[in-house]
Amino acid sequence: MANLANTKNVQVYLGYNKNVTPYVQKTIALARETPNSHVFFCHNNSYTTADLPEVFSRNPEGMLKNMAIHELALFVTFFGVTVDSIEKFKINTSKLFSEKLSIWKPGTSLPNPEYITDFSRVAFKVTTKAGTNVSLMADRCGGNVSFAVVKDENGKEVKKFEFPDPETAAQIEERVLADPQMMPYFFVQSDDYLELKNRVIGAMLDGKKAEGVATIQIGVQALKLAEHATEQLNKALKTK
């Protein structure tokens, strides 16, 4: 598809909402102002451990190509990270930060049970050949609040940006109570997707490129990163 788009001179955009979300934009701006900065992204979902069999089964592509792909698109877009540009890939193997599980697959039973293996949480740091440092932690059961931290060259926190903020969190809580069958992160992300769509439509009308929105070329590199990260994590982590 990417090759066809290039041949036809067509711009294809992908729905990676983190590329346009305000807390990420503030993080990127501060990181660019901070010499030799290190950015740490934390992406949380609010599933419970009991939810994981259904989550793993519904997302067989795996956590890195599903939940964490949004941050990997940020790695490519704003930090120049690709599989070829990686100098170091360091995994935090503590079970508090990274965990691989093999879970019974819903709909199967004895005598022929099936199991599905994926990560409930992951944490790793990437250093590029150009010296850029960026980290990611993703946790399926981490709650509703995600955040990004900018650190200086000495590892000291410069500023932390959380989303949703307290005001937005209160609004989301009201929406969740009104529609308890909806996962909270859909309410958290709805404004981001509206902004993303507005940027793409505005670019089409103006005949320009959509600022900050991930293209299919970025998506291809993000998927390659996901495959590389999955391979490295599988080598480093034992299945529980």
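## Starting in a loop: Asn-36

Let's begin with Asn-36, which sits in the loop between H2 and E1. Keep in mind throughout that this is a predicted model. Is Asn-36 buried or exposed? Its relative accessible area is 59%, and the cut-off for exposed is over 50%, so Asn-36 counts as exposed.

Which residues does Asn-36 touch, once those up to four places away in sequence are set aside? The answer is Asp-152 and Glu-153.

Move along to strand E1, which covers residues 38–44, and you'll find Phe-41. Phe-41 has 1% relative accessibility, and since buried means under 20%, it counts as buried.

Phe-41 has quite a list of contacts, again not counting residues up to four places away in sequence. Among them are Val-24, Thr-27, Glu-71, Leu-74, Phe-75 and Phe-79. Further along the chain, Phe-41 also touches Val-134, Ser-135, Leu-136, Met-137, Phe-147 and Ala-148. Leu-14 is another story: it is 27 residues from Phe-41 along the chain, and their C-alpha atoms are separated by 20 Å.

## Helix H6, kink and all

Now for helix H6, made up of residues 184–206. With 23 residues, H6 reaches 34 Å from its first C-alpha to its last, close to the 33 Å expected at 1.5 Å a residue. Where is the kink in H6 centred? Look at Ser-190, where the helix has a kink of about 40 degrees. Just past the end of H6 comes Gly-207, which takes a positive phi of about 70 degrees.

Several H6 residues are buried: Pro-184, Tyr-185, Phe-187, Val-188 and Gln-189, then Asp-192, Leu-196, Val-200 and Ala-203. What do these buried residues pack against? Their partners are H2, helix H3 (52–58), strand E7 (157–163) and helix H5 (166–178).

The largest pocket holds about 220 Å³ of space. It is lined by 13 residues, and the ones closest to its centre are Ala-31, Thr-34, Ser-37, Phe-79 and Thr-132.

By class, the lining of the largest pocket has six nonpolar residues, six polar ones and one charged.

The second largest pocket has about 180 Å³ of space. Its lining also runs to 13 residues, with Asn-66, Met-67, His-70, Tyr-185 and Gln-189 closest to the centre. Which helix gives the most to this lining? That's H6, with four residues. The second largest pocket is lined by five nonpolar, six polar and two charged residues.

## Two cavities

How many cavities of 30 Å³ or more turn up in a search of the whole structure? There are two. The largest cavity has a volume of about 130 Å³. Of its 16 lining residues, Asn-44, Asn-144, Ser-146, Val-188 and Gln-189 are closest to its centre. E1 and H6 each bring at least two residues to the lining, and the largest share, four residues, is from H6. Sorted by class, the lining of the largest cavity has ten polar residues, four nonpolar and two charged.

The second largest cavity contains about 40 Å³ of space. It is lined by Phe-163, Thr-168, Gln-171, Ile-172, Arg-175, Phe-187, Val-188 and Asp-191. H5 and H6 are the elements that give two or more residues here, and H5 gives the most, with four. Four of the lining residues are nonpolar, two are polar and two are charged.

Note on methods:
Residues are numbered from 1 along each chain as its sequence is written. This is a predicted model: local features need pLDDT of at least 70, side-chain atom pairs count only at pLDDT 80 or more; totals for chains, interfaces and linings use all residues. Side-chain values use heavy atoms; hydrogens and water are left out. On a 1 Å grid over the protein atoms alone, a cavity is a set of points where a 1.4 Å probe fits but cannot get out, and a pocket is an open set with protein on both sides within 12 Å along at least five of seven lines; lining residues have an atom within 4 Å of a point. Grid points are joined across faces, edges and corners, and a volume is the space filled by probe spheres set on the points. Ala, Val, Leu, Ile, Met, Phe, Trp, Tyr, Cys and Pro count as nonpolar, Asp, Glu, Lys and Arg as charged, and the others, Gly among them, as polar. The expected span of a helix is 1.5 Å times one less than its number of residues. The bend at a residue is the angle between axes fitted to the seven residues ending there and the seven starting there. Buried means under 20% relative accessible area, exposed over 50%, partly exposed in between (1.4 Å probe, protein chains only). Contact means heavy atoms within 4.5 Å.
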